[in-house]
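Subject: Handover of a structure and a summary of findings

Dear colleague,

Please find below a structure that I am passing on to you.

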Amino acid sequence: ASEFNHILYADKNPDLKAAFGYDANLLYKHYTAFGISENRGNYSIYDTFDYIRYADDYPDLKTAFGYDAKALYRHYAAYGISEKRGDYFK
C-alpha cells in the first residue's frame, strides 16, 4: 500500500475519485479488489511518480529525504499538491 499511487489512481478514474476522493485506504482497497482485474493500469509510485525530479527540483526535500521514493511521495501527497509544487506524474 505504501508504494501505491492513490492520487494518480483517483485522477485517472473519475468514478473512483467521485466515490472516494483521495482516500488512500479506500482507493487501495478498490484497486486490489477490482482495479487490477478491471485492467485499470499500473499505479506503483516507482513507475508513475517522478520522485527523482521532485527531489532535484526542491533542494529542501532532497536534503530531508534524499531519493527515498516513498518519503517523497508521502510529502507530495500531504503537502506538495496543496503547495502547488507541480505535476510529477509520468
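Overall fold

Please bear in mind that this is a predicted model. The protein chain contains seven helices and zero strands. Read from the N terminus, its elements follow the order α-α-α-α-α-α-α. Its radius of gyration is 13 Å, close to the 12 Å that the globule rule gives for 90 residues, so the chain is as compact as a globular protein of that length. Taken along the principal axes, the C-alpha atoms of the chain fill a box of roughly 40 × 20 × 20 Å.

Two further values describe the chain as a whole. Of its 90 residues, 37% are buried. Among contacts with a separation of 6 or more, 53% are between residues 24 or more positions apart.

The largest pocket

The largest pocket has a volume of about 170 Å³. Its lining is formed by A1, S2, F4, H6, A24, N25, Y28, Y73, R74 and A77. By class, the lining residues comprise six nonpolar, three polar and one charged. Which helices each supply at least two residues of this lining? They are helix 3, which covers residues 24-35, and helix 7, which covers residues 69-80.

A77 is one of the lining residues, and its place is in helix 7. A77 counts as partly exposed because its relative accessible area is 30%, which lies between the limits of 20% for buried and 50% for exposed. Setting aside neighbours within four places in sequence, A77 is in contact with H6 and I7. I7 is 70 residues away from A77 in sequence, yet the C-alpha atoms of the two are 7.4 Å apart in space.

K70, also in helix 7

K70 lies in helix 7 as well. With a relative accessibility of 26%, K70 is partly exposed. Not counting residues up to four places away in sequence, K70 touches S2, E3, I45 and Y46. With E3 there is also a polar contact between side chains, at 3.4 Å. The C-alpha atoms of K70 and Y88 are separated by 14 Å, and the two residues are 18 residues apart along the chain.

T48 in helix 4

Is T48 buried or exposed? T48 counts as buried because its relative accessibility is 7%, and the limit for a buried residue is under 20%. T48 is part of helix 4, which consists of residues 45-48. Its side chain reaches the backbone oxygen of S44 at 2.8 Å. Beyond its neighbours within four places in sequence, T48 is in contact with N5, L8, N42, Y43, Y88, F89 and K90.

The segment after helix 7

R85 is found in the segment after helix 7. At 15% relative accessibility, R85 is buried. With which side chains does the side chain of R85 make polar contacts? One partner is D60, at 3.4 Å, and another is E83, at 2.6 Å. Leaving aside neighbours within four places in sequence, the contacts of R85 are with Y54, Y58, D60, L61, H75 and G80.

K84 is exposed, however, at 72% relative accessibility, whereas R85 is buried.

Two residues with positive phi

K84 has a positive phi of about 55°, although it is not a glycine. N39 likewise has a positive phi of about 55° without being a glycine. N39 sits in the loop between helix 3 and helix 4. N39 counts as exposed because its relative accessibility of 69% is over the limit of 50%.

I hope that these notes are of use as you begin to look at the structure.

With kind regards

Terms used. Residues numbered from 1 in each chain as written. Predicted model: local features only at pLDDT ≥ 70, side-chain atom pairs only at ≥ 80, totals over all residues. Heavy atoms only, no water. 1 Å grid on protein atoms, 1.4 Å probe; cavity = no way out; pocket = protein on both sides within 12 Å on 5 of 7 lines; lining within 4 Å. Points joined across faces, edges and corners; volume = space filled by probe spheres on them. Helix = DSSP H or I, 4+ residues; strand = E, 2+ residues; numbered from the N terminus. Nonpolar A, V, L, I, M, F, W, Y, C, P; charged D, E, K, R; others polar. Buried < 20%, exposed > 50% of the residue type's maximum accessible area, 1.4 Å probe, protein only. Contact = heavy atoms within 4.5 Å. Polar contact = N/O pair within 3.5 Å; in protein donor to acceptor, adjacent residues only side chain to side chain. Rg over C-alpha atoms; globule rule 2.2 N^0.38 Å.
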